[in-house]
Amino acid sequence: MSTIKVNIVTPDGPVYDSDANMIIAVTTTGELGILPGHIPMVAPLEIGAVRLNKDSSTERVAVSGGFLEVRPDQVTILAQSAELAEDIDTARAIEAKKRAEERLQQKQEDLDAKRAELALRRAMNRLDVAKGK
Ligand code: ATP
């Protein structure tokens, strides 16, 4: 089965650098599946899971927004933050989810509500990815 090189990079450094048979990511216009030979493109990413299929296994990465670029020989994901499923600190994500939910329950400025909503989505995404979803 053919493969394509995949790089996931964040401001803190590289998170993933390997080959995959297929990459599935959540873009702002929906889920996108990329196979080797996909046409070059750039797409903005949502907070969501990136799934990397190789042979019969799937590696999951929690990504908090950013961009995906497809080139003929490589897929690059530039993410605000990204964690491999096995590196996710579940207790930390549960605490972050709780804090965000509390902030959303309090009456606050719109800007704070938006920030809390994004924090909640990041935490829930990390919990889903850690669970293998
Ligand atoms: P928190 O409130 O727990 O910091 P956050 O959503 O505000 O969560 P981010 O700003 O998205 O955190 O990420 C800051 C850094 O911490 C990034 O390097 C990110 O990969 C890492 N990180 C955040 N939450 C977790 C987690 N639950 N497990 C592992 N790494 C995490």
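By class, the shell around the ligand has 8 charged, 3 nonpolar and 1 polar residues, where Asp, Glu, Lys and Arg count as charged, Ala, Val, Leu, Ile, Met, Phe, Trp, Tyr, Cys and Pro as nonpolar, and the others, Gly among them, as polar. The model is predicted, with local features requiring pLDDT of at least 70 and side-chain atom pairs pLDDT 80 or more, while totals for chains, interfaces and linings use all residues. Residues are numbered from 1 along each chain as its sequence is written, and side-chain values use heavy atoms, without hydrogens and water.

Which residues surround the ligand? They are Asp12, Ser81, Glu83, Asp87, Ile88, Asp89, Arg92, Ala93, Ala96, Arg99, Arg122 and Arg126, a residue being near if one of its heavy atoms lies within 4 Å. H1 gives the largest share of this shell, 4 residues. Helix H1 (90-105) and helix H2 (110-130) each supply at least two, helices being DSSP runs (H or I, at least four residues).

Let me turn to the polar contacts, pairs of N or O atoms within 3.5 Å. A ligand oxygen atom lies 2.7 Å from a side-chain N or O atom of Asp12. For Arg92 the distance from a ligand oxygen to such a side-chain atom is 2.8 Å, and for Arg126 it is 2.8 Å. Taken alone, the ligand exposes 590 Å², of which the protein buries 69%, by the Shrake-Rupley method with a 1.4 Å probe.

How values were computed. Polar contact = N/O pair within 3.5 Å; in protein donor to acceptor, adjacent residues only side chain to side chain.
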